Amino acid sequence: MNARQLVCTPFTPSNTADEVLRDIDLTGVRAIVTGASAGLGIETARALTAAGAEVTLAVRDTTAGDAAAETIGKSTGGIRPRVVRLDLADRATVTRFVDAWGGPLHLLINNAGVVTGGLERTHEGWELQFATNHLGHFALATGLHHALARGAADRDGARIVSVSSTAHMRSDIDFDDLHFERRSYDPQIAYAQSKTANSLFAVEATRLWAADGIVANAVNPGGIATGLQRNFTPEQKASLDAAEAAGVFTYKTVEQGAATSIVAAVAPQFAHSGGHYLDDAQEAYTVPNDADLARHPHGVKEWALDPATAKRLWTVSTDLLRV
């Protein structure tokens, strides 16, 4: 367990994103939300827009993104986010997005994610879930480091929110076979590895960039029914149903799920404190790597916060993107 006192906030699992943002004015804040055309992403973007932020929806499907922006505009009195194409599995679109970004950036919400039912690869041969959920976001964040540093300078800090999952408890990082070239492919383990990577990113990004005024935190939004589950195999669906029956999680609304991302993005408790994993709007307690998920559904495994593993993953990710 953590020796230090965990970072706490006044919010609960039942709070919504709007409730977290009550009385907070984000005028002048520039934010990017990836995967913002549906689910948690559109709700996160809507809440930030309603609070006055200038939001960019970074989406793979710009038609869906335009529809999301229109929906947000109708709910915010005509304030419509910008829509820019970003396919996290395609390095060229990440590069174009980064190159086109001008000016400071204050909030980067790495929300997008993919779940596959079987083995899929990028054109580089990378396993798709790891490539999208981790490597794409890693390339985006490192490419926007200069913009985040500018944002930190003009608003006393910039923040990155890395959306992880309870699934991280199923797998550490297999550095010997990141892309399932030798081991049998299990889509649940592949997803879990990518979610562990999302948490480790926050650890190392904070270590490297805190001096620039940039902090990163990982969040578990909880169990929410979104389009992410559309590619689940029968086995994955059965596993999810069993976890719910065992009390590992109870479903939240999208508004409640987005609240933890918003806490990491705006709560004063995390303004200059990073490298944490949040669950139910609080910093989660750490559990051993052999801990039972059913007994610790709101914990975070040691492997997801290990500084040495985080540093190694950063190096490996940097090297992969150089190829």
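When I speak of a polar contact this morning, I mean a pair of N or O atoms within 3.5 Å, where, within protein, one must be able to donate a hydrogen and the other to accept it. With that in hand, let me turn to Thr-9, whose side chain reaches the backbone oxygen of Ala-281 at 2.8 Å. Please keep in mind throughout that what we have on the screen is a predicted model.

Let me stay with Thr-9 for a moment, a residue in the segment before α1. Is Thr-9 buried or exposed? Its relative accessible area is 11%, and because the cut-off for buried is under 20%, Thr-9 counts as buried. Leaving aside neighbours within four places in sequence, Thr-9 is in contact with Val-263, Gln-269, Phe-270, Ala-281 and Gln-282. Thr-9 and Val-263 are 254 residues apart along the chain, yet their C-alpha atoms are separated by 8.3 Å.

Val-263 brings us to the largest nonpolar core, which has 40 residues, and in which Val-263 is listed with Leu-26, Leu-48, Val-55 and Leu-57 as having the most contacts inside it. The largest share, 7 residues, comes from α9. If we look at Leu-48, and do not count residues up to four places away in sequence, we find that Leu-48 touches Leu-21, Leu-26, Ala-31, Val-33, Ala-53, Val-55, Leu-107, Ile-109 and Ile-262. Apart from this core lies another one, of 35 residues, including Phe-97 and Ala-218.

The second residue I would like to show is His-106, found in the loop between α4 and β4. His-106 is also buried, with a relative accessible area of 5%. Which partners does the side chain of His-106 have? A polar atom of that side chain lies 2.8 Å from the backbone nitrogen of Arg-30, and the side chain makes a polar contact with the side chain of Asp-154, again listed at 2.8 Å. Beyond four places in sequence, the contacts of His-106 include Gly-28, Val-29, Gly-151 and Arg-155.

Finally, the overall picture. The protein has 10 helices and 10 strands, and buried residues make up 56% of its 323 residues. Among contacts between residues at least 6 apart in sequence, 74% join residues at least 24 apart. The radius of gyration is 18 Å, which agrees with the value near 20 Å that a compact globule of 323 residues would have.

Methods. Residues are numbered from 1 along each chain as its sequence is written. This is a predicted model: local features need pLDDT of at least 70, side-chain atom pairs count only at pLDDT 80 or more; totals for chains, interfaces and linings use all residues. Side-chain values use heavy atoms; hydrogens and water are left out. A nonpolar core is a set of buried Ala, Val, Leu, Ile, Met, Phe, Trp, Tyr and Cys residues joined through side-chain atoms within 4.5 Å. Buried means under 20% relative accessible area, exposed over 50%, partly exposed in between (1.4 Å probe, protein chains only). Helices (H or I, at least four residues) and strands (E, at least two) are DSSP runs, numbered from the N terminus. Contact means heavy atoms within 4.5 Å. The radius of gyration is taken over C-alpha atoms; the globule rule is 2.2 Å times the number of residues to the power 0.38.
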